Each structure stands twice: as C-alpha cells, then as structure tokens.
Amino acid sequence: MRRKLVVGNWKMNGSLASNASLLAGIAEGLNGTGADSAVCAPAPYLAQCQAALQGSKLAWGAQDVSAQAGGAYTGEVSAAMLGDFACRFVIVGHSERRAYHAESSELVAKKAVAALDAGLTPIVCVGETLAEREAEQTFVVVRNQLGAVLALVGERLNKIVVAYEPVWAIGTGKTATPEMAQEVHARLRAQMAEHNAIVAGGVQILYGGSMKPENARELMAQPDIDGGLIGGAALKAADFLAIIHAGSSN
Ligand code: PEP
C-alpha cells in the first residue's frame with residue numbers, strides 16, 4: 001500500500017513574514033493526518049523552512065536543482081547545498097522550467113540523478129500541453145519524458161516520486177477529471193513496471209494541476225493517484241491542510 005504524499009509548490013511566491021505564518025498554520029493543523037506532506041519553497045527560504053519545521057511532520061524541499069555537482073555555474077544551486085538545509089525533496093522538470101528555461105528531458109534526468117546522488121528525493125514532473133492532448137499525443141509525450149529519467153536512474157527507481165501535471169491544468173483552474181488523470185497514471189506505472197516490475201508498484205505518482213479542497217478527495221481516490229503536487233492552493237494554510245486531510249482519508 002502506497003502512502004499518500006501532498007507537496008506544495010510555492011513557485012516564486014512568499015516573503016519571510018508570509019512564510020512564517022503559512023508554515024505555522026500548516027504545521028499546527030497536521031495533527032492526526034495520515035498523509036505525508038511537504039512544501040517546496042524558493043531557495044532563499046530553505047533555511048527558514050529548516051528552522052521552522054525541524055521536528056514537525058511537514059517536510060521541505062526545493063523547486064529545482066543543478067545537474068552539476070559544483071563549480072563555475074553562476075546562479076545555480078547544487079543538490080549538496082539543498083542537503084545542507086535538510087531538504088528531503090526537490091522538484092525537477094516542472095513544466096514552467098521546461099517552457100521558460102528550455103529544459104530538455106535529458107537535462108531533467110541528469111537533475112534527478114544529481115538529487116539522488118545527494119540523498120534527496122526528486123519529484124519528476126511530466127505532462128502534456130493542450131495542443132499535445134488535442135493531437136492525441138499525451139501518452140507519447142509523457143512516455144518520452146519519463147523514459148529519459150528511467151534510463152538514467154536505473155535501479156534507483158524506488159527512490160523517485162513522479163508527478164503527472166497536464167500543462168493545460170496548471171494554474172488555470174481546469175482540472176483533469178479523475179478518470180483522465182488515472183488513465184495517465186496507470187500508463188506511467190505500466191512504463192515503470194517495464195523498467196522494474198518489482199519496484200514500480202511502490203513508486204508514488206502525484207497528480208498536479210488545479211488540485212484544490214473541492215476535488216482532492218475524488219482525485220486521490222483513484223487507484224494510481226498517490227497524492228498531489230499543489231501550486232495555488234498550497235499558499236493558503238486552510239486549503240493546503242484540507243487537501244492533506246483529503247489524502248489521509250483515502
Ligand atoms: C504546480 O505548479 O505544480 C501546480 C500544480 O499548480 P496549480 O495547483 O496552481 O495548478
């Protein structure tokens with residue numbers, strides 16, 4: 001049985017003051033939850049997360065990582081640096097990184113490996129654009145995106161988390177129906193089983209794309225939806241907690 005995992009992606013939002021009240025509000029409401037939870041904060045706030053959350057049930061992580069271990073890469077942050085702030089997770093291949101920073105699936109795979117090498121859990125994002133869905137290319141697109149990662153992570157498949165995030169559903173208020181999302185999740189799991197049939201059943205596959213308190217329970221009730229990657233709704237403690245509690249009851 002896979003545990004549910006709910007991860008907030010703050011994107012480029014927050015301030016020291018607003019983070020402090022958000023983190024306190026979430027941590028306070030976590031008692032009694034059966035789902036695991038984490039927030040992925042902008043890099044400058046990781047020290048704040050570490051100080052505020054150490055010893056709490058809420059884990060923390062980053063939104064991106066360099067594929068390089070260190071050296072002359074101005075502006076980049078290495079996985080070891082994230083480890084210094086006790087990050088458990090790092091998101092790799094978010095569609096905004098793929099779109100605005102031209103990240104290829106090969107680069108995303110290298111980032112996932114860099115995270116694993118430093119003992120972090122990469123949350124590997126895959127997902128199709130609206131044009132790709134309309135052209136019936138969804139399964140081809142996500143298969144290629146995940147395939148690049150599987151090729152590099154090898155036997156460490158059991159140490160990654162996958163997130164299916166249809167690009168057309170991110171920040172738009174449009175959500176994939178539970179059936180649409182489940183169909184893709186099942187395909188992703190089958191692809192992982194081709195790679196390693198023993199561990200594929202244990203890999204958590206999160207859904208992301210306008211998940212909110214109103215639709216979280218139904219989405220997470222699907223057999224292959226093991227939690228959520230949450231953008232907008234992760235910025236309000238009450239909404240984020242409601243999603244975590246929805247995951248606990250599935
Ligand atoms: C995301 O950015 O990963 C995301 C799912 O955003 P939202 O929940 O706002 O659609």
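This is a predicted model: local features need pLDDT of at least 70, side-chain atom pairs count only at pLDDT 80 or more; totals for chains, interfaces and linings use all residues.
Biologist: Why are E1 and E8 said to pair, and in which sense?

Modeller: Two strands pair if DSSP finds at least two bridges between them. E1 and E8 have four bridges, so they pair by that rule, in the parallel sense. Residues are numbered from 1 along each chain as its sequence is written, and side-chain values use heavy atoms, with hydrogens and water left out.

Biologist: How many bridges join E7 to E8, and why is that enough to call them paired?

Modeller: Two bridges join E7 to E8, and the rule asks for at least two, so the pair counts. These strands run parallel, and Tyr207 has Gly228 in E8 as its bridge partner. Strands are DSSP runs of E with at least two residues, and helices are runs of H or I with at least four, numbered from the N terminus.

Biologist: What makes E1 largely enclosed by the rest of the structure?

Modeller: Buried means under 20% relative accessible area, exposed over 50%, and partly exposed in between, with a 1.4 Å probe and protein chains only. Five of the five residues of E1 are buried, so the rest of the structure largely encloses this strand. Leu5, Val7 and Asn9 point one way, Val6 and Gly8 the other way, and all are buried. In a regular strand the side chains alternate between the two faces of the sheet.

Biologist: How do you know whether Ser78 and Ala102 are buried or exposed?

Modeller: Ser78 has a relative accessible area of 5%, and the limit for buried is under 20%, so Ser78 is buried. Ala102 stands at 66%, and exposed means over 50%, so Ala102 is exposed. Ser78 is in the loop between strand E3 (58–62) and helix H3 (79–84), whereas Ala102 is in the loop between helix H4 (95–100) and H5.

Biologist: What stands out about the phi of Ala102?

Modeller: Its phi is positive, about 50 degrees, although Ala102 is not a glycine. Most residues other than glycine have a negative phi. Lys11 also has a positive value, near 55 degrees, and lies in the loop between E1 and helix H1 (16–28).

Biologist: What puts the buried residues of H9 on the same side of that helix?

Modeller: In H9 (residues 213–220), the buried residues are Asn215, Ala216, Leu219 and Met220. They cover an arc of only 125 degrees around the axis, which places them on the same side of H9; the arc is that of the directions from the helix axis to the C-beta atoms. The face turned away from that side carries the exposed residues Glu214 and Glu218.

Biologist: Which residues touch the most other members of the largest nonpolar core, and what makes a set of residues a core?

Modeller: A nonpolar core is a set of buried Ala, Val, Leu, Ile, Met, Phe, Trp, Tyr and Cys residues joined through side-chain atoms within 4.5 Å. The largest one here has 65 residues, of which Val39, Ile160, Leu188, Met192, Tyr207 and Phe240 touch the most other members. Helix H5 (residues 105–117) gives the largest share, six residues.

Biologist: How do you know that the charged end of Arg187 sits over the ring of Phe139?

Modeller: The rule asks for NZ of Lys or CZ of Arg within 6 Å of the ring centre and within 35 degrees of the ring normal. The charged end of Arg187 is 3.8 Å from the centre of the Phe139 ring and sits over it.
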